[in-house]
Amino acid sequence: MASALHVVHDSVRHRFFVNLSATAQAFLEYRYLETNLLDFFHTFVPPEGRGTGVASKLCDEAFAFARSTNAKVKPSCSYVSQTYLPKHPELRNLVVE
(Lines give C-alpha, C1' and ligand atoms only; values in the text may rest on other atoms or scores of the structure.)
Protein backbone atom coordinates (compact mmCIF):
# COMPACT_ATOMS: atom_id res chain seq x y z
CA MET A 1 0.00 0.00 0.00
CA ALA A 2 2.72 2.52 0.94
CA SER A 3 4.38 2.58 -2.49
CA ALA A 4 1.24 3.96 -4.20
CA LEU A 5 0.53 6.61 -1.58
CA HIS A 6 0.44 10.30 -2.35
CA VAL A 7 1.66 12.28 0.64
CA VAL A 8 0.50 15.89 0.75
CA HIS A 9 2.25 18.61 2.73
CA ASP A 10 -0.17 21.10 4.23
CA SER A 11 2.20 23.88 5.26
CA VAL A 12 -0.61 26.01 6.70
CA ARG A 13 -1.78 23.34 9.14
CA HIS A 14 1.79 21.98 9.61
CA ARG A 15 1.06 18.41 8.67
CA PHE A 16 1.81 15.73 6.12
CA PHE A 17 -1.17 13.57 5.25
CA VAL A 18 -2.45 10.73 3.11
CA ASN A 19 -6.11 10.19 2.31
CA LEU A 20 -6.67 6.47 2.72
CA SER A 21 -10.36 6.70 1.80
CA ALA A 22 -13.11 9.30 1.68
CA THR A 23 -13.32 9.20 5.48
CA ALA A 24 -9.89 8.04 6.66
CA GLN A 25 -6.73 10.12 6.78
CA ALA A 26 -3.27 9.32 8.13
CA PHE A 27 -1.09 12.23 9.18
CA LEU A 28 2.09 13.46 10.81
CA GLU A 29 1.85 16.80 12.60
CA TYR A 30 4.74 19.15 13.33
CA ARG A 31 5.31 22.55 14.87
CA TYR A 32 8.10 25.07 14.67
CA LEU A 33 10.00 25.41 17.93
CA GLU A 34 12.42 27.83 16.30
CA THR A 35 12.96 29.01 12.74
CA ASN A 36 15.00 25.93 11.82
CA LEU A 37 13.79 23.47 14.46
CA LEU A 38 10.75 21.28 13.84
CA ASP A 39 9.01 19.16 16.44
CA PHE A 40 7.44 16.04 14.88
CA PHE A 41 4.97 15.57 17.71
CA HIS A 42 2.12 13.37 16.49
CA THR A 43 1.63 10.61 13.94
CA PHE A 44 -1.73 8.92 13.43
CA VAL A 45 -2.79 6.10 11.13
CA PRO A 46 -6.37 4.84 11.29
CA PRO A 47 -6.87 1.11 11.85
CA GLU A 48 -7.38 0.30 8.18
CA GLY A 49 -3.95 1.72 7.30
CA ARG A 50 -1.87 0.28 10.13
CA GLY A 51 0.90 -2.14 9.27
CA THR A 52 1.03 -1.01 5.65
CA GLY A 53 3.96 1.40 5.78
CA VAL A 54 1.85 4.55 5.78
CA ALA A 55 3.47 6.04 8.89
CA SER A 56 6.93 5.36 7.49
CA LYS A 57 6.04 7.09 4.23
CA LEU A 58 4.77 10.13 6.15
CA CYS A 59 8.08 10.23 8.04
CA ASP A 60 10.06 9.91 4.80
CA GLU A 61 8.35 13.00 3.43
CA ALA A 62 8.61 14.95 6.69
CA PHE A 63 12.34 14.29 7.00
CA ALA A 64 12.85 15.17 3.32
CA PHE A 65 11.12 18.47 4.03
CA ALA A 66 13.34 19.10 7.06
CA ARG A 67 16.46 18.35 5.02
CA SER A 68 15.34 20.59 2.14
CA THR A 69 14.76 23.52 4.50
CA ASN A 70 17.98 22.97 6.50
CA ALA A 71 15.93 22.32 9.62
CA LYS A 72 16.67 20.04 12.55
CA VAL A 73 14.03 17.74 14.02
CA LYS A 74 12.98 17.07 17.58
CA PRO A 75 11.21 13.70 17.38
CA SER A 76 8.79 13.96 20.31
CA CYS A 77 6.33 11.54 18.66
CA SER A 78 7.02 8.05 19.98
CA TYR A 79 6.55 6.47 16.54
CA VAL A 80 9.18 8.74 15.03
CA SER A 81 11.69 8.35 17.86
CA GLN A 82 11.20 4.68 18.77
CA THR A 83 10.14 2.99 15.53
CA TYR A 84 11.14 5.06 12.51
CA LEU A 85 14.51 6.54 13.48
CA PRO A 86 16.12 3.28 14.67
CA LYS A 87 15.52 1.96 11.13
CA HIS A 88 16.97 5.12 9.54
CA PRO A 89 20.32 5.93 11.19
CA GLU A 90 21.25 8.04 8.17
CA LEU A 91 18.84 10.69 9.46
CA ARG A 92 20.49 11.08 12.86
CA ASN A 93 22.36 14.18 11.67
CA LEU A 94 18.98 15.95 11.41
CA VAL A 95 17.86 15.02 14.92
CA VAL A 96 18.17 16.96 18.17
CA GLU A 97 17.10 15.44 21.45
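**Cysteines, sheet and core of a predicted model**

Cys 59 is buried, with a relative accessibility of 0%. The closest cysteine sulfur to that of Cys 59 belongs to Cys 77, at 6.8 Å. A disulfide is a covalent bond between the sulfur atoms of two cysteines. A pair of cysteine sulfur atoms counts as a disulfide within 2.5 Å, and the 6.8 Å between Cys 59 and Cys 77 is therefore too far for a bond. Cys 77 is likewise buried, at 6% relative accessibility, and its own closest cysteine sulfur is that of Cys 59. In the whole structure, the search for disulfides finds zero.

The strands were examined next. Five of them form an open sheet with mixed pairing, in the order E1-E2-E3-E4-E5. E1 and E5 stand at the edges; because each has a single partner strand, one side of each is left without a neighbour in the sheet. On average, neighbouring strands of this sheet are turned by 30° against each other, direction ignored. Helix H1 packs on the sheet and touches E1, E2, E3, E4 and E5. The direction of H1 makes about 30° with that of E3.

Three bridges join E1 to E2, and the two strands pair in the antiparallel sense. One of the residue pairs is formed by His 9 and Phe 16, the latter being the bridge partner in E2. E1 and E2 form a hairpin with four residues between them. E2 and E3 also run antiparallel, and five bridges join them. In this pairing Arg 15 has Glu 29 in E3 as its bridge partner, while Phe 17 stands opposite Phe 27 in E3. The hairpin that joins E2 to E3 passes through five residues. In a regular strand the side chains alternate between the two faces of the sheet. Of the five residues of E2, four are buried, so this strand is largely enclosed by the rest of the structure.

Two loop residues have backbone angles that call for comment. Most residues other than glycine have a negative phi. His 14, by contrast, has a positive phi, near 55°. His 14 is in the loop between strand E1 (8-10) and strand E2 (15-19), and is partly exposed, with a relative accessible area of 26%. For Asn 70, phi is also positive and near 55°. Asn 70 is placed in the loop between helix H1 (54-68) and strand E5 (72-74). With a relative accessibility of 64%, Asn 70 counts as exposed.

The interior was then considered. In soluble globular proteins, nonpolar side chains tend to be buried together. The largest nonpolar core in this model has 29 residues, of which Phe 16, Leu 28, Phe 40, Leu 58, Phe 63 and Val 80 touch the most other members. At least two residues of this core come from each of E2, E3, E4, H1 and helix H2 (78-84). H1 supplies the largest share, eight residues. The surroundings of Val 80 illustrate how segments meet. Apart from neighbours within four places in sequence, Val 80 is in contact with Leu 28, Phe 40, Thr 43, Cys 59, Phe 63, Pro 75, Leu 85 and Pro 86.

Arg 92 is partly exposed, at 40% relative accessibility. Apart from neighbours within four places in sequence, Arg 92 is in contact with Leu 85 and Glu 97. Arg 92 and Lys 72 are 20 residues apart in sequence, and their C-alpha atoms are 9.8 Å apart in space.

One annotation covers much of the region described. In an unreviewed entry, UniProt lists residues 8-96 as "domain: N-acetyltransferase". In the model, the end C-alpha atoms of residues 8-96 lie 25 Å apart. This span is 25% helix and 33% strand.

Note on methods: Residues are numbered from 1 along each chain as its sequence is written. This is a predicted model: local features need pLDDT of at least 70, side-chain atom pairs count only at pLDDT 80 or more; totals for chains, interfaces and linings use all residues. Side-chain values use heavy atoms; hydrogens and water are left out. Buried means under 20% relative accessible area, exposed over 50%, partly exposed in between (1.4 Å probe, protein chains only). Two strands pair if DSSP finds at least two bridges between them. Axes are lines fitted to C-alpha atoms, for helices over the stretch in contact, and angles run from 0 to 180 degrees between N-to-C directions. Contact means heavy atoms within 4.5 Å. UniProt positions are given in the numbering used here, feature names are shortened, and annotations may be inferred rather than shown by experiment. A nonpolar core is a set of buried Ala, Val, Leu, Ile, Met, Phe, Trp, Tyr and Cys residues joined through side-chain atoms within 4.5 Å.
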